[in-house]
Amino acid sequence: MNKKKIQIYNDGVITIYTVGNIAEPGNMPKEGIVEKVRLRFRRRTIGHTRFHESLQQNIKIDEIVRCPYRTEVSAQDKVVFLGSNDKYEVKKVVYIENTKPKEMELLLERVESNYDND
C-alpha cells in the first residue's frame with residue numbers, strides 16, 4: 001500500500017507573476033509583471049547535492065520552496081514573498097510525487113527587477 005504524505009505549508013505566501021504588457025488599452029505597450037497565482041509555501045533546505053547539481057546546470061539557487069502543484073507555474077516566472085521586496089525568478093520547477101495535495105518545488109534565484117508590479 002502506497003500511503004501519501006500530507007503536506008503543510010506554514011512558512012508564508014508567495015505571489016507568482018509572469019512578464020507581460022501592463023499598459024492600459026490604447027496606450028503604448030509597457031512590459032511589467034502580471035499576477036498569476038498566490039500560494040502558501042514551505043521553505044526547503046538547499047542541500048550539498050542539490051547545490052552542486054544546480055552549478056553543473058549553470059543555475060544559481062538562492063531559495064527553494066515547496067507549494068501546492070499548479071500547472072500555470074513555469075520556469076522564468078517571477079516570485080515575490082509576501083511582506084518582502086525581494087524578487088526571484090523561477091529557475092526550475094520540480095514535481096513531487098506521492099504527496100497530498102500534489103505539490104511542486106520551485107528553485108529560485110534572487111534577481112534585481114526593473115519591472116513595475118502595479
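1. Let's start with a side-chain pairing: the side chains of D77 and K36 make a polar contact at 2.8 Å. Keep in mind while looking at it that this is a predicted model.

2. The side chain reaches the backbone nitrogen of S74, at 3.0 Å.

3. Where does D77 sit relative to β4 and β5? You'll find D77 in the loop that links β4 (63–68) to β5 (78–81).

4. Is D77 buried or exposed? Its relative accessible area is 2%, and the cut-off for buried is under 20%, so D77 counts as buried.

5. Leaving out residues up to four places away in sequence, D77 touches I16, Y17, T18, K36, E72, Y88, E89 and V90. K36 in that list is also the residue whose side chain makes the polar contact with the side chain of D77.

6. Now for β4, the strand on one side of that loop. Five of its six residues are buried, so β4 is largely enclosed by the rest of the structure.

7. Which strands pair with β4? Strand β3 (residues 31–44) runs antiparallel to β4, and three bridges join the two. If you want a spot to check by eye, R42 has R66 in β4 as its bridge partner.

8. Strand β8 (residues 103–111) also pairs with β4, again in the antiparallel sense, over six bridges. Here the pair to look up is P68, which stands opposite E103 in β8.

Key
Residues numbered from 1 in each chain as written. Predicted model: local features only at pLDDT ≥ 70, side-chain atom pairs only at ≥ 80, totals over all residues. Heavy atoms only, no water. Helix = DSSP H or I, 4+ residues; strand = E, 2+ residues; numbered from the N terminus. Buried < 20%, exposed > 50% of the residue type's maximum accessible area, 1.4 Å probe, protein only. Polar contact = N/O pair within 3.5 Å; in protein donor to acceptor, adjacent residues only side chain to side chain. Contact = heavy atoms within 4.5 Å. Pairing = 2+ DSSP bridges.
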